[in-house]
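Morning, everyone. Please get the structure up on your screens. I'll take you through the sheet, the surface and the charged pairs.

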Amino acid sequence: MSDCLFCKIVEGSIPSRKVYEDELVYAFHDIQPQAPVHLLVIPKKHIATMNDCEPEDQALLGHLLLSARRIAKEAGLEESGYRLVNNCGRDAGQVVFHIHWHILGGETLGPLNASGKG
C-alpha cells in the first residue's frame, strides 16, 4: 500500500525506533506513548483491519501474537504484566489502517473504558 504509514516504516522510508524484526513482523516504539512502555507490533504484509484477515492469514496472526509475547518479555513486562490491544475500525480508535497490536506496560494500567468497569 503506497500511502500506508506502517508500510513505509517497514520499507524504511519513514524512520522508527525498531525493537524487533523478523521475516513477517516489525515492532517499534509508538511516537505518542500512552504508557511508559508503548510498542507497536505489525505484520509486514499490509492488512487494513482484523475484518480484512483471511483464512490464509491464520499462521501470520499466530506468529504476530507469539512475537508480541516475546517482545513484551524482552521489554521486561512479563512479570509485572502488560496490555495487548488491537483496535478494529474508526469507532474503536483505529487511526492507521494496517493491523497492529499495542503493547502497553511499565506501570499499573487503568480501566479500558471511561466508566471504570474495564
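Start with helix α2, residues 58-74. Helix α2 lies across β1, β2, β3, β4 and β5, and runs at about 155° to β3. Helices (H or I, at least four residues) and strands (E, at least two) are DSSP runs, numbered from the N terminus. Contact means heavy atoms within 4.5 Å. Axes are lines fitted to C-alpha atoms, for helices over the stretch in contact, and angles run from 0 to 180 degrees between N-to-C directions.

A word on the source. This is a predicted model: local features need pLDDT of at least 70, side-chain atom pairs count only at pLDDT 80 or more, and totals for chains, interfaces and linings use all residues. Residues are numbered from 1 along each chain as its sequence is written, and side-chain values use heavy atoms, with hydrogens and water left out.

Now the sheet. In what order do the 5 strands come? The order is β1-β2-β3-β5-β4, in an open sheet with antiparallel pairing. Two strands pair if DSSP finds at least two bridges between them. At the edges sit β1 (18-21) and β4 (82-85), each pairing on one side only. Neighbouring strands are turned by 15° against each other on average, direction ignored.

Look at β1 and β2. They form a hairpin, with 3 residues between them. They run antiparallel, joined by 3 bridges. Glutamate 21 stands opposite tyrosine 26 in β2. Remember glutamate 21; we'll come back to that residue.

Next, β3 and β5. Strand β3 covers residues 37-43, and strand β5 covers residues 101-105. These two are antiparallel as well, with 5 bridges. Which residue in β5 is the bridge partner of valine 41? Tryptophan 101.

Over to the surface. Leu65, Tyr82 and Leu84 form a nonpolar patch with about 240 Å² of accessible area together. Patches are made of residues with over 30% relative accessible area and no salt bridge: like charges are joined within 9 Å, nonpolar side chains (Val, Leu, Ile, Met, Phe, Trp, Tyr) within 5 Å. The areas come from the Shrake-Rupley method with a 1.4 Å probe; for residues, only the protein chains shown count as cover. Tyrosine 82 lies in strand β4. Its relative accessible area is 32%, so tyrosine 82 is partly exposed. Buried means under 20%, exposed over 50%, partly exposed in between (1.4 Å probe, protein chains only).

Last, charges. How many salt bridges does a search of the whole structure find? The count is 5. A salt bridge is a side-chain nitrogen of Lys or Arg within 4 Å of a carboxyl oxygen of Asp or Glu.

Back to glutamate 21. Its salt bridge is with lysine 44, the closest N and O atoms being 2.9 Å apart. Glutamate 21 is in β1 and lysine 44 is in the loop between β3 and α2, so the pair ties together parts 23 residues apart in sequence. Glutamate 21 is partly exposed at 35%, and lysine 44 is partly exposed at 25%. Lys18 joins in: Lys18, Glu21 and Lys44 are linked in a network of salt bridges.

Another pair: lysine 45 and aspartate 57, 2.5 Å from N to O. Both lie in the loop between β3 and α2, so this pair ties together parts 12 residues apart in sequence. Is aspartate 57 buried or exposed? Buried, at 3% relative accessibility. Lysine 45 is partly exposed, at 41%.
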